[in-house]
Amino acid sequence: MKTWLASIALGSAIISTQALAQDNHERRGGWSERDMTRDEAKAMADAMFQRFDSNHDGLLTREEAEEAAAGFGASGRAQHMIERMFGDAKSLTLQQAEAEALSRFERDDLNHDGIVTADERRQARAAKAGRASAPAAPQPAPTGGGGQ
């Protein structure tokens with residue numbers, strides 16, 4: 001009987017340890033470490049828009065976004081997100097915010113299966129970093145053809 005109870009206790013400890021480890025991994029990595037469907041990406045964009053649109057007028061201004069980011073302890077990452085969302089625009093509608101998020105989703109969905117995995121997200125970031133740091137391709141020298 002004692003062996004049986006000890007086995008149950010040990011099994012419970014192993015299962016709970018695995019659950020805690022998984023929970024800690026999910027907390028550390030957050031959304032970027034899990035798979036995301038197109039619908040989830042759209043829902044995330046919608047939720048962020050609603051959260052940032054402080055006066056709920058259906059128009060998110062850069063000032064509202066920066067104010068919301070400051071409330072979350074603004075970082076360089078938050079500022080980068082705002083720059084990516086807005087570009088040169090001073091405000092966005094919900095539809096524009098969704099379109100930007102879905103465009104990014106399509107870019108990151110490397111195998112076009114409707115799911116962006118953490119691995120695809122890492123590959124897309126690496127490819128973007130490579131493009132940003134790669135020198136421009138040399139241009140061919142002009143050929144001196146034509147009427148001289």
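This is a predicted model: local features need pLDDT of at least 70, side-chain atom pairs count only at pLDDT 80 or more; totals for chains, interfaces and linings use all residues.
The protein contains six helices and four strands. Of the 148 residues in the protein, 22% are buried. Contacts between residues at least 6 apart in sequence were also examined, and 57% of these join residues that are at least 24 apart. Gln96 belongs to helix α5. This residue counts as partly exposed because its relative accessibility is 42%, a value that falls between the limits of under 20% for buried and over 50% for exposed residues.

The packing of helix α2 (residues 38-52) with helix α5 (residues 94-108) is considered next. The axes of these two helices come within 9 Å and cross at roughly 140°. The crossing of α2 and α5 is right-handed. On the α2 side, the contact is made by Arg38, Ala41, Lys42, Ala45, Asp46, Phe49 and Gln50. On the α5 side, Leu94, Ala97, Glu98, Ala101, Leu102, Phe105 and Glu106 take part. Sorted by class, the residues in the contact of α2 with α5 are eight nonpolar, one polar and five charged.

Helix α3 spans residues 62-71, and its buried residues are Arg62, Glu64, Ala65, Ala68 and Ala69. When α3 is seen down its axis, these buried residues fall within an arc of 160°, so they line one face of the helix. The face turned away from the buried side of α3 carries the exposed residues Glu63, Glu67 and Gly71. The buried residues of α3 pack against helix α2, strand β2 (59-61) and helix α4 (76-86). Just after α3, Gly73 adopts a positive phi of about 75°.

Ala78, Met81, Ile82, Met85 and Phe86 are buried in α4. Viewed down the axis of α4, the buried residues fall within an arc of 115°, so they line one face of this helix. Gly76 and Arg77 are exposed residues carried by the face of α4 that is turned away from its buried side. The elements covering the buried residues of α4 include helices α2, α3 and α5, together with strands β2 and β3 (91-93). Just after α4, Gly87 takes a positive phi of about 60°.

Helices α3 and α4 also pack against each other. Their axes are 10 Å apart, and the packing angle is about 160°. Angles over 145 degrees count as roughly antiparallel; α3 and α4 are therefore roughly antiparallel to each other. The crossing of α3 and α4 is right-handed. The α3 residues that make the contact are Arg62, Ala65, Glu66 and Ala69, and those of α4 are Ala78, Gln79, Ile82, Glu83 and Phe86. By class, the contact of α3 with α4 has five nonpolar, one polar and three charged residues.

Positive phi values are also found at two histidines. His56 has a positive phi of about 50°, although this residue is not a glycine. His56 is located in the loop between α2 and β2. With a relative accessibility of 60%, His56 counts as exposed. His112, likewise not a glycine, has a positive phi of about 55°. The loop that holds His112 runs between α5 and β4 (115-116). The relative accessibility of His112 is 61%, and His112 therefore counts as exposed.

Methods: Residues are numbered from 1 along each chain as its sequence is written. Side-chain values use heavy atoms; hydrogens and water are left out. Axes are lines fitted to C-alpha atoms, for helices over the stretch in contact, and angles run from 0 to 180 degrees between N-to-C directions. A crossing is left-handed if the near helix is turned anticlockwise from the far one by less than a right angle, and right-handed if clockwise. Contact means heavy atoms within 4.5 Å. Ala, Val, Leu, Ile, Met, Phe, Trp, Tyr, Cys and Pro count as nonpolar, Asp, Glu, Lys and Arg as charged, and the others, Gly among them, as polar. Buried means under 20% relative accessible area, exposed over 50%, partly exposed in between (1.4 Å probe, protein chains only). The arc is that of the directions from the helix axis to the C-beta atoms. Angles under 35 degrees count as roughly parallel, over 145 as roughly antiparallel, 65 to 115 as roughly perpendicular and the rest as oblique.
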